[in-house]
Amino acid sequence: MNTIQKSKGLFLVITGAIFWGVGGTVSQKLFQDFGIQVNWLVTVRLLLAGILLLAIQVFRKGFSPIFSIWKNKTTAVPLIIFGLLGMLAVQYTYMASINHGNAAVATLLQYLAPVMIIVYLLLRKQTTFERRDGFTVTLALLGTGLLLTNGSLSELSVPGISIFWGLLSGASLAFYTLYAIPLLKKFDSLNVVGWAMVIGGFTLGFIHPPWQAAFSTFTMEIYVYLVMVVLFGTMFAFWFYIESLQHLSPKETSLIGNLEPLSAVLTMVIWLKEPFGSFQWLGMFCIIAMTLVLAFTNKSDPSSS
């Protein structure tokens, strides 16, 4: 691999990870300062980003490849399941956790997914328990405890409902990562993820139609933030991540992807002026250390939301 290719891969994954983290913080501002509803934002985010990803695929390879996944029920049914229980679940639970808490805690709780995957594989006897596994689980539990209590057991730093949605987000990401593997072996990533986003957004649209919003109250600032969430925090973030895999190894991409929770925390603290205690910083570093250990030692790495 030449230097130019590696430099391009590094640029893509670093930019994508930063976009993901900042997108979560921008979503928090939309929820807390402008009263945007979680259901509506997730619907719009998934539909628009999914359509744009499929449009990019059409531009690159034509119309025929994007419909090939629907030609056989052995791939169409798993795609629908992936769209609902994978894509929609991970996006909705992540946004709900942000809405009830903040982007930093939601992002870090989502990064417990690798530990959940380890536990699942152990229970299915698809892997054996190693010293590394005990170390990463300990880091994850310690980090989560510090993150949520800020060193005080008397009260949690975020509401319990935010923790509930955050843990569900981690579980959803674990399912998303494992269930997508067979589909991604047969079809292009843009094809699978684009359709999964459209399926998830279309389904949630029945509950909260995207046209049912108080558009008359939307300011230019709101529209700018929405564009940031849809284009940068969703479409470009995922596109850059999967493109980086053409130039970097999965281990390298996963490792550098740890900039996502760091960027979420920094933008929340600097831009939104949210308090973040010293024990929470320590908890954040424990969780990031856990993902670094996994990135250095595992051959496969978890995907991001």
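**Helix packing and side-chain contacts in an all-helical predicted model**

Helix α2 passes helix α9 in a left-handed crossing, a crossing being left-handed if the near helix is turned anticlockwise from the far one by less than a right angle, and right-handed if clockwise. The structure is a predicted model, in which local features need pLDDT of at least 70 and side-chain atom pairs count only at pLDDT 80 or more, whereas totals for chains, interfaces and linings use all residues. Residues are numbered from 1 along each chain as its sequence is written, and side-chain values use heavy atoms, with hydrogens and water left out.

The protein chain contains 13 helices and 0 strands; helices (H or I, at least four residues) and strands (E, at least two) are DSSP runs, numbered from the N terminus. The pattern read along the sequence is accordingly α-α-α-α-α-α-α-α-α-α-α-α-α. Of the 305 residues, 52% count as buried, where buried means under 20% relative accessible area, exposed over 50%, and partly exposed in between (1.4 Å probe, protein chains only).

Two packed helices are described by the angle between their axes and the distance between the axes. Here, axes are lines fitted to C-alpha atoms, for helices over the stretch in contact, and angles run from 0 to 180 degrees between N-to-C directions. Helix α2 (residues 38–61) packs with helix α9 (residues 189–207) at an angle of about 150°, the axes lying 7 Å apart. The angle therefore makes α2 roughly antiparallel to α9; angles under 35 degrees count as roughly parallel, over 145 as roughly antiparallel, 65 to 115 as roughly perpendicular and the rest as oblique. Helix α2 also packs with helix α10 (residues 220–244), their axes coming within 9 Å and crossing at roughly 45°. Helix α2 is therefore oblique to α10, and the crossing of these two helices is right-handed.

Side chains of opposite charge can pair when their charged atoms come close. A search of the whole structure finds 2 salt bridges, a salt bridge being a side-chain nitrogen of Lys or Arg within 4 Å of a carboxyl oxygen of Asp or Glu. In one of them, the side chains of K29 and D33 meet with an N to O distance of 2.8 Å. These residues are separated by about one helical turn, because they are 4 residues apart in helix α1. K29 counts as buried, at 15% relative accessibility, while D33 is partly exposed at 48%. A salt bridge also joins K61 to D188, with the closest N and O atoms 3.2 Å apart. This pair links distant parts of the chain, since K61 lies in helix α2 and D188 in the loop between α8 (160–186) and α9, 127 residues apart. D188 counts as partly exposed, with a relative accessibility of 28%.

L30 is buried, at 0% relative accessibility, and its C-alpha atom is 7.4 Å from that of Y225, 195 residues apart in sequence. S27 is likewise placed in helix α1 and is buried, with a relative accessible area of 0%. The C-alpha atoms of S27 and I98 are separated by 7.7 Å, the two residues being 71 residues apart along the chain. S263, in helix α12 (residues 259–270), counts as buried at 9% relative accessibility. A C-alpha separation of 9.5 Å is found between S263 and G24, which are 239 residues apart along the chain.

On the surface, F63, F67, W70, V77, I80, I81, L84 and L85 form a nonpolar patch with about 700 Å² of accessible area together. Patches are made of residues with over 30% relative accessible area and no salt bridge, like charges being joined within 9 Å and nonpolar side chains (Val, Leu, Ile, Met, Phe, Trp, Tyr) within 5 Å. Accessible areas come from the Shrake-Rupley method with a 1.4 Å probe, and for residues only the protein chains shown count as cover. Helix α4 (residues 73–100) gives the most to the nonpolar patch, with 5 residues. I81 has its place in helix α4 and is partly exposed, with a relative accessible area of 31%.
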